[in-house]
Amino acid sequence: MRLRYYRWTLLGLAPLLLAVLVLAAPSFRFAGYAPTHPALSADTLRPRSSETEAFTKAEALGAAVPGYLSSWGLPPVQGRIVLTDTGLVFHPSRGNKPSRATTVSLAYVDDENGRAHYLFRLDTGVFETDTPGPLLNAAATSRWTGGLGTLAASGSSVNLTDSAASLTAARSMAASPYADSLYALFGRPRAQVGLIGMRGREAGRLGEYILKRDSLALDPARMTGEAQLRHALAHELGHRWQARAKAQLATLWSGVRSIRDPKRYGYGNLSEHQAEAIAFAISFLQTTATREEVPSGALALLDHYDLLVPGTRTMVRHFALQPPYRNHPLRSKLTSGRITYALEK
Ligand SMILES: [Zn+2]
C-alpha cells in the first residue's frame with residue numbers, strides 16, 4: 001500500500017533543485033497548496049460585510065488581525081497578521097520568526113459552533129480568524145501587493161543535494177524521543193526508516209508507509225523544516241496504526257465531519273484525512289505538553305486544529321488516555337466526559 005502525501009510539496013523546493021527536476025522530468029505535477037493564481041480562486045466566496053465600502057490601502061496600513069496561520073498544511077499557529085505597505089506579515093504569538101505573504105483571498109466562511117470563522121488563503125497556507133476586519137477588503141482587492149518573494153517557508157533544513165544528509169536527518173528523527181512516543185502509540189515499523197524512492201519523489205510524496213513491508217520512508221530534503229518532518233513521521237505512523245486498528249478507528253471516528261477546505265490535504269479521502277487528524281492530534285499534545293500553557297488557551301487552540309482537520313479533537317482525546325501522555329497537563333480536561341467548545345463562549 002502506497003500512500004500519497006503532500007502533492008504540493010514540490011513548491012517548497014529550492015529554485016536550483018526545482019530547475020533540475022523540471023529538466024529531468026517535465027511531467028511533474030506542481031499542484032500546490034496555494035493556488036497558482038490566488039486572484040482567480042474558484043472557491044472564493046463574497047465577503048459578508050463592508051465589501052461596498054470605499055477601501056483605501058492607507059486606512060488599513062498597520063492594522064493587526066488576530067487569528068491562526070496554517071502554513072504548508074501544518075497545524076495552525078496563533079498570531080496576528082499585520083497589513084504593511086510591502087505585504088502581509090504574520091507574527092506568531094511565540095517562537096518562530098514572522099513570515100510574509102503577498103496574496104490573500106477569502107476561501108470560505110465556516111459557521112461551525114454557531115460562529116463565523118473566516119478562512120483566508122495566503123501564498124502558502126490558510127489564515128483563520130473570527131475578526132477579519134481590513135483583511136476582507138484586502139482580499140477583495142485580490143492582490144494586496146506585489147514585487148516581493150512569496151515563499152514564507154523557512155527553507156529545507158537539509159542540504160538538498162546530499163542524500164546521505166537526508167537519510168541522517170530521517171534516521172535521527174526516527175531515533176528521537178519524539179518518535180519513541182509515536183512508537184508507543186502506533187508500534188514501530190519492522191524495517192529501518194529509509195528515503196523515498198524515485199517513483200515516490202516523482203509522485204511528489206514526502207512520506208510513505210508501505211504496509212506489506214512494514215516500512216516507512218521520508219524525504220527530509222524536500223521538507224520546509226523540522227516541523228514538517230515531525231508531521232510526516234506522525235502521519236505515516238498513523239497509517240500503520242490505521243491498518244492495524246481498523247475497527248477501533250472506525251468506532252472513534254463516528255460523527256466526525258469531513259474536511260471543509262478542498263485544498264487541505266486529506267480532503268475527500270478518508271484514509272488521508274484520518275492520518276492528518278492523527279498527525280494534528282500529536283502536534284497538539286506535543287505543543288501543549290509544557291505546563292506553562294494556560295488550559296483555557298490550549299483548549300481554544302484545539303478548536304482551531306479541529307476546524308481545519310475535523311477529527312483532531314477525537315484523536316487527541318483518545319491519545320491522551322494512552323501511556324505516553326500519562327502526565328500531560330491537560331489529560332484530565334481532555335478526557336473528562338465532555339469538552340466544551342471554547343469557541344462557543
Ligand atoms: Zn498519507
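Residues are numbered from 1 along each chain as its sequence is written. Because the model is predicted, local features need pLDDT of at least 70, side-chain atom pairs count only at pLDDT 80 or more, and totals for chains, interfaces and linings use all residues.

The chain averages a pLDDT (the predictor's confidence in each residue, from 0 to 100) of 78. A score of at least 70 is reached by 73% of the residues. Residues 1–54 have a pLDDT below 50. Beyond near neighbours in sequence, this stretch makes 86 contacts in the model; a contact requires C-beta atoms, placed from the backbone, within 7 Å. Residues 145–154 also have a pLDDT below 50, with 25 such contacts. Where pLDDT is low, the predicted coordinates should not be read in detail.

The largest nonpolar core holds 43 residues. Such a core is a set of buried Ala, Val, Leu, Ile, Met, Phe, Trp, Tyr and Cys residues joined through C-beta atoms within 7 Å. Buried means 20 or more other C-beta atoms within 10 Å of the residue's own, exposed 12 or fewer, and partly exposed in between, with C-beta atoms placed from the backbone. Leu218, Leu233, Ile278, Ala281, Leu285, Val316 and Phe319 touch the most other members. Elements giving two or more residues include α4 (163–174), α5 (177–186), β10 and α7 (226–244). Helices (H or I, at least four residues) and strands (E, at least two) are DSSP runs, numbered from the N terminus. α9 gives the most, with nine residues. Val316 touches Ala281, Phe284, Leu285, Leu302 and Leu334, residues up to four places away in sequence not being counted. A second, separate core of 22 residues includes Ile81, Ala107, Phe127 and Ala138.

In α5, the buried residues are Ser181, Leu182, Leu185 and Phe186. They lie on the same side of α5, because they cover an arc of only 120 degrees around the axis; the arc is that of the directions from the helix axis to the C-beta atoms. Their cover includes α7, α9 and α11. Pro177 and Asp180 are exposed on the other side of α5.

Trp72 lies in the loop between β1 (64–71) and β2 (77–84) and is buried, with 24 other C-beta atoms within 10 Å. Asp214 lies in the loop between β9 (207–210) and β10 (215–218). Asp214 counts as partly exposed, with 15 C-beta neighbours inside 10 Å.

Conventions
Two residues are in contact if their C-beta atoms, placed from the backbone, lie within 7 Å.
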